[in-house]
Amino acid sequence: MGSGHPPSRRALRADLLDFTGDPGLGAPGLAGVRHRPDHWLLIDHGRIAGVLPGAQAPGTDWSCEDHRGRLLTPGLIDTHVHSVQLDVIASYGTELLDWLERYTFPAEARHADAVHAQAQADAFTDALLAHGTTAAVVFPSVHATSVDALFGAAQRRGMRLVTGKVLMDRHAPDGLRDDVTQAQAQCEALIARWHGTDRLAYAITPRFAATSTPEQLAMAGALLQHHPDVFMQTHVAENRAEVAWIARLFPEARSYLDVYHRAGLLNEHAVLAHGIWLDDDDRALLADSGAQIAHSPSSNLFLGSGLFDWQAMAEAKAPVSLASDVGGGTSLSLLRTMADAYRVQALRGVRLSAFKALHTATLGAARALHLDHEIGSLEPGRLADVAVWDWAAGPVARGRDALARDLHERLFAWMMLADERNLVTTLVAGRTQYKRRSDDSGASETAHEPGQRRAAA
């Protein structure tokens, strides 16, 4: 690596797989799929410079890493995940609204403490990287301390991260409520401090319609109009009891989604988690506004929320991305999330291809976020956010991989059988941010380039 600095020019040899277009929800085909087995990926000063066939060695001024027989993909993009809920992942036995009261709100209250918030932010960002996720749209807590901690942790790791202070001025416990004036002032200060700094972007973040008064939602809409390049993130139509509650709270609105529309919160930078209980008018509104649904299949299965209708979203031409939703979900692994997405669609009579699933967590998410000029593919000029994976780990998976008859069959087996244990290394803007310690022991570590400051423990 040199004395104190990462190499400016790196070359990684592996099976390169990314996308140039959307493979679609239908039967697996190669449209939009770019597969370059045994090629070198060239990275120059943190950006992808090009590719070479494996037999054509880069020059001596390149630092070469041979991962022949492994899979190299763009870094994965998680479009909805709660950084402050790691403590309550895999909590037993409730549906959404009870789960919030019993588990989530107590965990989030602890983030008023800056020391706890920083430790959790560091643990969370390292965990993302150890699962091959290099970019994320994240819910922190209502506390500005949690936002500062999360942005700081992502900045130290060079990550593309979108987050913002959660807005809640009703139907939440003491210590987790703000008010309209306080929330607006904190959002303005955080936008000024973080939005557009390095690879960071701010998101106006009403938790969900029930926890914000109409006045706070109106304030959020005004903020979005005043700062048109920031993002907006929230939840919508996750659970039937939640949908019924929103209808009682907002009787003037046509639907749950319409609550946000009336507040001016739907545009092409809006990310709405779940979207299970939507109708055709809602899906048309999503398509017209450009707002995306962050599909969270692991969480939806775990909490018993329902089965997302991806086919109806595709027919409406409404954007869909993929999300772990931890802690409602049960893993930060987007591979496990993709496998659960397949199961959800199978229950709806739709077969989700591995091509479509991986596209949704890479180029599809980047395009939905309007960040495909920066992330989501192995196109020259993009920042080198990439992950290297073993195609198979363990005798069962290796046996299945050896019998795969074509690329899709191999990728599908990888999607269903692999997880973070298959991850070999994660690069962010060309820097190693995670490296598996041993191929044999399963131990792992978060790796930082020489000369790169480690995050506070």
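Helix 3 (residues 144–157) and helix 4 (residues 180–194) pack at about 15 degrees, with their axes 11 Å apart. This is a predicted model, where local features need pLDDT of at least 70, side-chain atom pairs count only at pLDDT 80 or more, and totals for chains, interfaces and linings use all residues. Residues are numbered from 1 along each chain as its sequence is written, and side-chain values use heavy atoms, leaving out hydrogens and water.

**Helices 3 and 4**
- Helix 3 and helix 4 are therefore roughly parallel to each other (angles under 35 degrees count as such).
- Their crossing is right-handed.
- From helix 3, Ala144, Val147, Asp148, Phe151, Gly152 and Gln155 make the contact, meeting Gln186, Leu190, Arg193 and Trp194 of helix 4 (contact means heavy atoms within 4.5 Å).
- Axes here are lines fitted to C-alpha atoms over the stretch in contact, and angles run from 0 to 180 degrees between N-to-C directions.
- Helices are DSSP runs of H or I with at least four residues, strands are E runs of at least two, and both are numbered from the N terminus.

**The two sides of helix 8**
- Helix 8 (residues 280–289) has Asp282, Arg283, Leu285, Leu286 and Ser289 buried (under 20% relative accessible area, with exposed over 50%, using a 1.4 Å probe and protein chains only).
- Those residues cover an arc of only 155 degrees around the axis, which puts them on the same side of helix 8.
- Asp280, Asp281 and Asp288 are exposed on the other side.
- The buried residues pack against helix 7 (256–262), strand 11 (270–274), strand 12 (292–295) and helix 10 (310–316).

**The ends of helix 8**
- At the start, a side-chain oxygen of Asp279 comes to within 3.1 Å of the backbone nitrogen of Asp281.
- Just after helix 8, Gly290 has a positive phi of about 85 degrees.

How values were computed: The arc is that of the directions from the helix axis to the C-beta atoms. A polar contact is a pair of N or O atoms within 3.5 Å; within protein, one must be able to donate a hydrogen and the other to accept it, and residues adjacent in sequence count only if both atoms are side-chain atoms. Angles under 35 degrees count as roughly parallel, over 145 as roughly antiparallel, 65 to 115 as roughly perpendicular and the rest as oblique. A crossing is left-handed if the near helix is turned anticlockwise from the far one by less than a right angle, and right-handed if clockwise.
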